[in-house]
Amino acid sequence: MDRETDAVVIAASHERPTAFTAVFDRHYDAVHRYLARRVATDLADDLAADTFAIAFRLRDRYDGAHDDARPWLFGIATNLVRHHRRSEARRLRAYERVQTIESTELDEDRVVGRADAALALPRVARALRRIPDGERDALLLLAWADLSYDEIARALDIPIGTVRSRIHRGRERLRELLADSGQSLIAEAITEVIASDG
Amino acid sequence: MDDIELLRHLGHDVPPADPVARQAARDALVALAMAPTVANRATPRLVRVPRLIWTAASIALAATVVLGVLPMVTAPSAAASALNRAADVAAGLFDGTSNGYRHTKSVGAELAGLGGTPDRPNGIWTLVPVAREIWIAPDGSGRLIETRGEPTWFGPADKAAWEAAGRPDLAGPAHVDTRFGPTPPGVDPATPQPWPGSFSLENVDALPTDTAALRQFIDRRAAAAGAANDYERFTIVGDLLRETVAAPKLRAALYRVAAGLGGVELIGSVTDRAGRPGIAVAMTNSQSSRGLERRTLIFDPQTSMLLAEEDVLLNKVNWLDADPPIVIGYNTYLVSDIVPTIR
């Protein structure tokens with residue numbers, strides 16, 4: 001038997017509030033992981049808890065036409081991150097210091113690429129820290145929350161055209177900043193390695 | 001370069017959630033769910049960064065030329081007549097083509113803010129003036145320059161909250177100068193794509209100028225955006241007029257499509273923020289998460305060119321410290337032409 005959609009669970013929670021815990025059980029880990037990549041771990045714990053508490057209080061506003069509550073939850077989480085930009089900047093600085101790529105079964109050529117990737121990711125983190133907040137939010141919802149453009153639009157409550165332009169501008173800036181740091185060619189090579197790693 | 005893939009590897013190794021923290025969060029949620037009714041009552045809507053990216057003039061001017069407060073909204077059929085007249089004007093113009101850059105210079109204001117915290121669920125909001133200039137080549141590449149000014153507050157409560165929060169950045173970068181690449185080949189214009197304006201000019205030039213065919217395209221586009229309704233179609237008409245320097249025959253078809261939409265209202269003769277006479281039509285969206293929202297397009301009756309746009313909230317909302325009608329975004333197109341080079 002198929003499980004109930006998030007929309008059904010949320011609707012049921014109006015009559016039976018504890019039903020909302022099913023939304024928590026389904027999505028806490030993903031929301032926490034997204035937050036833990038953006039801010040300090042301790043803060044991610046707090047913000048993940050806040051995300052679901054806010055979602056519970058706001059459940060009357062949930063649009064039942066959308067079965068999947070992930071965009072809504074990631075939108076709340078992203079709003080919470082906006083109040084902790086310093087922590088986010090610290091997290092990105094930490095990525096600048098230490099970052100590796102997991103990969104297996106690399107041949108010799110790709111080992112070279114892997115080493116280059118290890119060099120590039122800190123610069124990606126640095127570039128990410130320097131792009132505007134709105135563009136970073138959209139990019140990270142795409143890359144870290146695995147949301148589609150349409151879902152990002154729902155998460156941020158902006159038109160899909162704005163999502164597209166933010167992601168486009170964010171990527172352009174990212175490339176420019178990587179180019180400024182002499183990493184464009186390296187990043188290109190690295191991406192090929194990553195892509196081929198699947 | 002697929003930088004998104006690169007991003008996906010950044011921070012990929014964060015540890016999983018601490019089971020103790022997870023359980024504590026779940027317990028807190030259960031406690032909240034089991035609390036008395038007051039605790040379970042829905043709180044005000046979580047307001048997030050809004051739908052509009054408008055560009056910009058002074059807010060002081062907004063107060064004196066508030067198109068949104070004009071009460072003379074008339075029957076939809078009058079709007080259809082006005083739009084069909086605009087279509088006739090456009091259809092009578094020379095439909096020459098050019099390989100130059102579509103160049104648009106505009107001023108306006110965009111809503112910017114922070115919101116959605118437990119202690120301040122309604123957020124901190126401001127209107128930020130933005131001047132924008134864009135050049136787009138036939139292949140979709142081009143240059144965009146944006147300059148943002150000082151935010152204007154809707155009310156004292158927003159400013160006080162902003163100061164109490166340590167004056168966080170709300171407006172984004174003061175100056176942006178970006179060059180963007182060409183549109184990838186083989187793209188379906190009805191499918192949302194990641195570039196400024198979301199339509200390449202080759203796509204725009206290739207759009208049907210037959211009204212029924214264009215309406216079909218707009219229907220597909222609206223469906224792809226997840227909002228197959230007339231408000232979205234009206235918005236797409238605006239998208240195709242905005243910064244595209246659409247050729248007269250396309251403009252004619254766009255106005256005829258708009259004339260066929262349900263709920264378009266004629267506001268009438270207005271003067272835009274640049275002091276130019278225009279005809280305003282509008283559509284009201286009662287389903288917007290922001291409130292009862294009216295989107296207005298103003299066009300030049302002599303040329304049918306888009307002169308300006310505006311978004312206004314018509315009702316009192318709990319997320320803005322202002323009384324309706326509240327202008328939440330506008331854009332005035334000062335220059336729309338085709339030029340041989342990027343400045």
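User: What should I know before reading any values?

Analyst: This is a predicted model, in which local features need pLDDT of at least 70 and side-chain atom pairs count only at pLDDT 80 or more, while totals for chains, interfaces and linings use all residues. Residues are numbered from 1 along each chain as its sequence is written, chains are lettered from A and ligands numbered from 1 in the order in which they are written, and side-chain values use heavy atoms, with hydrogens and water left out.

User: How many helices and strands does chain A have, and how many does chain B have?

Analyst: Elements here are DSSP runs, numbered from the N terminus: helices are H or I with at least four residues, strands are E with at least two. Chain A has ten helices and zero strands. Chain B has ten helices and ten strands.

User: What share of contacts joins residues at least 24 apart in chain A?

Analyst: A contact means heavy atoms within 4.5 Å. Take contacts between residues at least 6 apart in sequence: in chain A, 68% of them join residues at least 24 apart. Counted in that way, chain B gives 66%.

User: How do I read a helix with buried residues?

Analyst: Look at the directions from the helix axis to the C-beta atoms; the arc is taken over those directions. In α1(A), the buried residues are Asp6(A), Ala7(A), Val9(A), Ile10(A) and Ser13(A). They span an arc of only 165 degrees around the axis, so they sit on the same side of α1(A). Their cover includes α2 and α4 (70-82) of chain A.

User: Where is Glu4(A) found?

Analyst: Glu4(A) belongs to the segment before α1 of chain A. Its relative accessibility is 47%, so Glu4(A) counts as partly exposed. Beyond its neighbours within four places in sequence, Glu4(A) is in contact with Val9(A) and Arg26(A). Glu4(A) and Asp67(A) are 63 residues apart in sequence, yet 9.0 Å apart C-alpha to C-alpha.

User: What about chain B?

Analyst: Glu243(B) and Arg132(B) form a salt bridge at 2.6 Å, N to O. Glu243(B) is in the loop between α9 (230-241) and α10 (248-259), and Arg132(B) is in strand β2 (residues 124-136), so the bridge links parts 111 residues apart in sequence. Both residues are buried. Now compare Asp323(B) and Lys316(B), bridged at 3.2 Å. Asp323(B) is exposed at 59%, and Lys316(B) is partly exposed at 49%. Shared partners also join Glu110(B), Arg132(B), Glu146(B), Arg148(B) and Glu243(B) into one network of salt bridges.

User: How do I read paired strands?

Analyst: Two strands pair if DSSP finds at least two bridges between them. Strand β3 (residues 142-148) of chain B pairs with β5(B) in the antiparallel sense over six bridges. Gly142(B) stands opposite Phe180(B).

User: Which residues of β5(B) are on the covered face, and which on the uncovered one?

Analyst: Val176(B), Thr178(B) and Phe180(B) form the covered face, while His175(B), Asp177(B) and Arg179(B) form the uncovered one.

User: Last, how do I read a nonpolar core?

Analyst: It is a set of buried Ala, Val, Leu, Ile, Met, Phe, Trp, Tyr and Cys residues joined through side-chain atoms within 4.5 Å. The largest has 70 residues; those with the most contacts inside it include Tyr34(A), Trp72(A), Leu7(B) and Leu10(B). Helix α3 (residues 41-57) of chain A gives the largest share, nine residues. A second, separate core has 38 residues, among them Leu83(B), Ala90(B), Ala252(B) and Leu306(B).

Conventions:
Salt bridge = Lys/Arg side-chain N within 4 Å of Asp/Glu carboxyl O. Buried < 20%, exposed > 50% of the residue type's maximum accessible area, 1.4 Å probe, protein only.
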